[in-house]
There are 2 protein chains.
Amino acid sequence: MFSKSCEYGIKATLYIASNSNNGNRVSLNDISENIDSPKAFTAKILQKLSKNKIIQSIKGPSGGFEITTENMNNLRLSHIVKAFDGDDIYKSCGIGLEECNDSKPCPVHSRFKNIREELKRMLETTSILDLANGLTEGLTFLKH
Amino acid sequence: MFSKSCEYGIKATLYIASNSNNGNRVSLNDISENIDSPKAFTAKILQKLSKNKIIQSIKGPSGGFEITTENMNNLRLSHIVKAFDGDDIYKSCGIGLEECNDSKPCPVHSRFKNIREELKRMLETTSILDLANGLTEGLTFLKH
DNA sequence: TCTATTTCGGACAAGAATATCCTAAATTAT
DNA sequence: ATAATTTAGGATATTCTTGTCCGAAATAGA
């Protein structure tokens, strides 16, 4: 469904968010250990999240990554997905046609429409804060 | 959503189906022209469809590809998707966790559940015959 | 100021997906 | 039988994603 990068991006953001909740800044090491991801590759993921203003990065000793309270309240799952995979998943044609819409549909267009819209809606309404709270409360998990 | 191979696989199957409807066997050339796909790569796709008993292939002059009436009645979109991409799209965790279920959920588990199930249901109930009929009747399209 | 820590960013490596090429095998028609 | 047509399948090439490595830049603390 999502690329590996996007999966790591979501996990990393949620881990950072759940710690920023408690006022804790976390490092690359913390993150890659706690979301069970390759460290060097995760560094790239974090750079991307940082450039997309999804997370904030601080260099130097006691540096690391965090999410501002303001960001936390506005961030949605769709923002992360968009940064890594674009919005093809819920916008583009199920069998890859450039032009595919209600007036000139591909064979699967009508059957995919609802699902795509539901996915879009879910991603756009799911807040990072809510997901992070689930983690903080121990109701959900980022690794086995 | 699906791999390029899977997209070609669906398009090829539908093109063949819509022609088998009319009793016409179609060649690799026909197919790659009409679904707008690279010929050599499409040959591989057709081999895979053939090995998975989704389509039948006949060698030699006046050979080509077709779908038996029996197959046409039983084939569902899910069969093609499974042959190329497996069933990860509607079975595996949204952020790639090995173990992710109702009793030990990842943060997005509950929000993805319905969508995944709807997708599964759609793929398993959508018949190739119905999709092919839409094409034959000129209601839907495989290329722009 | 010096050192240790941490992120940044460019170059490079490995693997998977996509795509091509060429010869073999089968089959039809002459 | 021979020639022509069409799929089968192995080898190879290209591109994209995933992943690693290493030195540079920033910064906190001694």
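Residues are numbered from 1 along each chain as its sequence is written, while chains are lettered from A and ligands numbered from 1 in the order in which they are written. In this predicted model, local features need pLDDT of at least 70 and side-chain atom pairs count only at pLDDT 80 or more, whereas totals for chains, interfaces and linings use all residues; side-chain values use heavy atoms, with hydrogens and water left out.

Chain A contains 8 helices and 2 strands, where helices (H or I, at least four residues) and strands (E, at least two) are DSSP runs numbered from the N terminus. The order of these elements from the N terminus is α-α-α-β-β-α-α-α-α-α. Taken along the principal axes, a box of roughly 60 × 30 × 30 Å holds the C-alpha atoms of chain A.

Over all chains, 12 salt bridges are found, a salt bridge being a side-chain nitrogen of Lys or Arg within 4 Å of a carboxyl oxygen of Asp or Glu. One of them joins the side chains of A:Asp102 and A:Lys113, with an N to O distance of 2.8 Å. A:Asp102 lies in the loop between helix H6 (88-91) and helix H7 (109-125) of chain A, and A:Lys113 lies in helix H7 of chain A, 11 residues apart. The whole structure also holds 4 aromatic pairs over all chains; rings of Phe, Tyr and Trp (its six-membered ring) pair if their centres lie within 6.5 Å, and planes under 30 degrees apart count as stacked, over 60 as edge-to-face and the rest as tilted. A:Tyr8 and A:Phe41 make an edge-to-face pair, at 5.8 Å centre to centre and with 75° between the planes. This pair connects helix H1 (residues 4-21) of chain A, which carries A:Tyr8, with helix H3 of chain A, which carries A:Phe41, the two being 33 residues apart.

The contact between the protein chains (heavy atoms within 4.5 Å) takes 34 residues from chain B and 34 residues from chain A. Chain B and chain A bury about 3,300 Å² between them, with 72% of this area on carbon and sulfur atoms; buried area is the accessible area (1.4 Å probe) that two parts lose on being put together, summed over both. Across this interface 0 salt bridges are found. Between chain B and chain A, 4 residue pairs are in polar contact, both residues being at pLDDT 80 or more. A polar contact is a pair of N or O atoms within 3.5 Å; within protein, one must be able to donate a hydrogen and the other to accept it, and residues adjacent in sequence count only if both atoms are side-chain atoms. On chain B, helix H1 (4-21), helix H7 (109-125) and helix H8 (128-136) each supply at least two residues of the side that touches chain A. H7(B) provides the largest share of that side, 7 residues. By class, the side of chain B that touches chain A comprises 20 nonpolar, 6 polar and 8 charged residues, with Ala, Val, Leu, Ile, Met, Phe, Trp, Tyr, Cys and Pro counted as nonpolar, Asp, Glu, Lys and Arg as charged, and the others, Gly among them, as polar.

DNA strand C is surrounded by 25 residues, of which A:Lys44, A:Ser57, B:Lys4, B:Pro38 and B:Pro61 are the closest; a residue is near a strand if one of its heavy atoms lies within 4 Å of it. Sugar or phosphate accounts for 63% of the atoms of DNA strand C within 4 Å of the protein, and the rest belong to bases. H3(A) gives the most to the surface near DNA strand C, with 4 residues. A polar backbone atom of A:Gly60 is 3.2 Å from a sugar or linking oxygen of DNA strand C.

Around DNA strand D, 25 residues are found, with A:Lys4, A:Pro61, B:Lys44, B:Gln47 and B:Ser57 coming nearest. Of the atoms of DNA strand D that come within 4 Å of the protein, 64% belong to sugar and phosphate. The largest share of the surface near DNA strand D comes from H3(B), with 4 residues. Phosphate oxygens of DNA strand D lie 3.1 Å from a side-chain N or O atom of A:Ser5 and 3.3 Å from one of A:Tyr8. A base nitrogen of DNA strand D is 2.8 Å from a polar side-chain atom of B:Gln47.
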